[in-house]
Amino acid sequence: MQFHHHGYVSGDPRVQPASGTGVDRPAELPDMTDVLIVGSGPAGMLLAAQLSQYPDVTTRLVERRPGRLEIGQADGIQARSVETFQAFGFAESIVAEAYRITSMNFWSPDPVDPSKIVRSGREVDDPHGISEFPHLIVNQARVLDYFAASALNGPGRIRPDYGYEFAGLTVHDDGEYPVEVSLRHTAGAHQGTTQTIRAKYVVGCDGARSAVRESIGRRLAGDQAFHAWGVMDVLTDTDFPDVRTKCAIQSESGSILLIPREGGYLARWYVDLGEVGADDNHEVRNTPIETIIAKANEIIRPYSLEVRDVAWWSVYEVGHRVTDKFDDVPAEDTDTVNPRVFIAGDACHTHSAKAGQGMNVSMQDGFNIGWKLGQVLSARSPESLLCTYSGERQEIAQNLIDFDKEWSTMMAKKPEEFSNPKELSDFYTATAEFPAGFMTQYKPSMITGENTHQDLASGFPIGKRFKSARVVRIGDTNPVHLGHHARADGRWRVYAFADAAAPGEPSALTSWAEWMLGSPDSPVARFTPEGSDLDGQFDIKVVYQQNLEDVDLNRVPKIFLPRSGPFQLVDYEKVYATLEGEDIFDERDISRNGAVIVVRPDQYVAHVLPLTATTELAEFFAQSFIEQPPSRTV
C-alpha cells in the first residue's frame, strides 16, 4: 500500500481523501445524477466501490431495504473473487474471518450395507494450482459490508440511499440526463410517496425479479429442472465426522451438499428433496424445516444430526435462466446505438446455488461495467465503450448456465446412476478452473486485442485474467506478487518485460521506454488526463531478466520511476527483477526478446505485443480512449 505522497498520513491509509463529488456529498437524493445504481447486492456494491474511484462522476445507489443486509443467502467465494477483493484492498481482512476450503470429501453408499454411507474419496480443492488465492465461505452480508466501506472510503464517498424502491423508468431521446426514473419511498417520513430522478445511466442490480429488467423489456429465458432442494444454515450436534469439511454426500435416500460456514460452528446443508412434478405449482416451497431436517438424517445414516438453532433456511427449485442482452439496446441496433440502461447480477442470470457462482459472477458483472462507466463519464473514453459490456458478460452468463446444468444434474443423480463411484469427484477435479472463476476469456474487441503475438507470452492468454507470479521489487528488495500491486482504481496496467540487456544499455526496452515517455504519439502523452500524474491513466511497470543485484535503479528509464503527488515524489514500486528459482519469464513462458502485456482495469489481459510494436500499441489504445489536452511532464 502506498501513501504519504500527498503529505503525511496519520490515520487509516485505506480512507482516501474526499475529492470531487465526495466533498460535501448531499445526504438527500438529488434530482439528477450521472449513474443511478438500483440494488445493493454484490454487483451493485462492487459497482459503487469502483465508481467511488471516479470522484468527478456523481453516483447514487438506491436500495428498497431500510438498511444493510443482515443475513445473506450466498456464501461461496471463489478464488477469482478473492483476487478482486485484493484489488479493492480488503482480501486479507475477509480471509481472516472466512472459512477456507482446502479439500472436498465424497460420501457414497457402503458397498457392504448400502443403507449406510461411507467416505469414498477426498479431493484437493485446487489440485492444479490455478490461483494463489484461497476458496472461501463467508456470509454475503459481510462481503457487502466490505464493499460498502470501500465505496465510502473512496474519494467519491458513496453510501447507499436506503428506503427507495424502483418503480419504473423512461429513456428520453434527448437531454443530458435522458433516463427518468420513478422511485417509491419504502421507509421514513415519506413512506409510500414517489420521487423522480434523472440520470445519464442506470444499472439494475435488483435481483432475479428485477424491475429494471422488466422496464427495458428484457426477459429471463431458460428452463426448470423440476428438482427441489432445501437449504439451511444451522448449528448442530452431530456425529457425522466431516461436518467441518465440504462434502458431497450420495446415499440411497438422496443427496446433500454440506458446506461449513465461517466461525467454526455454523454449516450450510443443501438437502435433496427430490423431483417435483410439473403440476406442483411451487407447492414444494412450503416444505417445513422439520421435513428438511428429517430428510438430512435419512441421507446421512448411520450418522445423525440434531439441529440446535436455525439461522436461515429456504426451499428452492433448480432453474437455469439468462437474458439475451444486458442493456436496453435492441440487438439489431447494437453497433449504432449506445446503451443507457444496464442490468447486472441475478437480474441477468439465475441458476442453482450449489456451484457457488451467483455472487461471484455478479461481482464480475459489476467490475466490468464499473470502470467502463467511469472512463466514459470522466471523458476519457467514448460512449461506444459501454457497448462492450453486454456482449462480454452475456456470453459468460451463458457459460455459467451450461456449467451449472451439468453440476446440478450430477449432484441430483442417484448412486446407481453413476458410471463409476468416482464420477462425481472426477468431475469436480476436472472442472476446477471454471468454478474458481478463471475460465472467462473475452473475445477480441476495442478493448481486447487479437492473439497475433500471443506466443511472446503464452502464460498470459489474451482475454483471460492476468495470472500473477512472484518477482522481486528492486526498490526495497521484497519478493512480491506482480499482480497484487494492481488496485481497482480505473487505471490500465502496462507490464514491460525486458529483453536481455541490462538497465540503461541500448535495447528494445530502452527504446520502448523512451517512446512511451517522450513521443507525442505514445498513449501516455495522448490519453493521460490534464493535471494527472504521469501514471494517472497508465500504471507502467518493468520486469528485468536480471536478478536483484544486477539492476541499477539509477539506470532505469524514467517512465518506470514516475513522480507523483504535489511534491513530485519518485515512485519506486514499478521496477522488478526475477526471483531465483521462480523466474517469471519461465513460469509464464515469456519471450527472452521481451514483451508488453496490457491489462485492463478489471484485471483481464487486453493485449500482448513486441517491445518494437509501438504503432500497434498506440492504435490499440486509440480505439478506447479520447485524446486529452497535451500537458505531460516528467
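Buried area is the accessible area, taken with a 1.4 Å probe, that two parts lose on being put together, summed over both. Keep that in mind for the domain contact below.

## Before you start

This is a predicted model, in which local features need pLDDT of at least 70 and side-chain atom pairs count only at pLDDT 80 or more, while totals for chains, interfaces and linings use all residues. Residues are numbered from 1 along each chain as its sequence is written, and side-chain values use heavy atoms, with hydrogens and water left out.

## Domains and their contact

The domain assignment gives domain 1 (20–89 + 138–220 + 321–431), domain 2 (101–133 + 223–319) and domain 3 (454–623); such bounds come from an automatic or database assignment. Taken over C-alpha atoms, the centres of domain 1 and domain 3 are 32 Å apart. Domain 1 brings 18 residues to the contact and domain 3 brings 19 residues, where contact means heavy atoms within 4.5 Å.

Between domain 1 and domain 3, about 1,500 Å² is buried, and carbon and sulfur atoms give 42% of that area. On the domain 1 side, the residues that lose the most area to domain 3 are Gln86, Trp371 and Arg380, together 36% of what that side buries. The interface also holds 2 salt bridges, a salt bridge being a side-chain nitrogen of Lys or Arg within 4 Å of a carboxyl oxygen of Asp or Glu. Elsewhere in the list of charged pairs, Glu83 forms a salt bridge with Arg465, with 3.2 Å between the closest N and O atoms.

## An open sheet and its helices

Helices (H or I, at least four residues) and strands (E, at least two) are DSSP runs, numbered from the N terminus. An open sheet is built from 7 strands in the order β20-β19-β25-β22-β21-β26-β27, with mixed pairing; two strands pair if DSSP finds at least two bridges between them. Because β20 (479–481) and β27 (605–609) are at the edges with a single partner strand each, one side of each has no neighbour in the sheet. On average, neighbouring strands are turned by 30° against each other, direction ignored.

At one end of that order, β19 (residues 470–473) pairs with β20 in the antiparallel sense over 3 bridges. Val472 has Pro479 in β20 as its bridge partner. Helix α10 (residues 508–518) packs on the sheet and touches β21 (492–497), β22 (538–544) and β26 (595–599), its direction making about 165° with that of β22. Helix α13 (residues 614–622) packs there too, touching β21, β22, β26 and β27, at about 160° to the direction of β27. For these angles, axes are lines fitted to C-alpha atoms, for helices over the stretch in contact, and angles run from 0 to 180 degrees between N-to-C directions.

## A mostly covered helix

In helix α9 (residues 423–430), 6 of the 8 residues are buried, meaning under 20% relative accessible area, with exposed over 50% and partly exposed in between (1.4 Å probe, protein chains only). They are Glu423, Leu424, Ser425, Phe427, Tyr428 and Thr429. These buried residues pack against β5 (103–109), β6 (117–124), β13 (246–251) and α8 (387–412).

## Backbone spots to check

Most residues other than glycine have a negative phi, and most peptide bonds are trans. The bond from Arg301 to Pro302 is cis, with omega near 20°, and Pro302 sits in the loop between α6 (289–299) and β16 (305–322).

Arg157, not a glycine, has a positive phi of about 50° and is found in the loop between α4 (140–153) and β8 (160–162). Gln568 also has a positive phi, near 50°; Gln568 lies in the loop between β23 (563–564) and β24 (569–570) and is partly exposed, with a relative accessible area of 31%.
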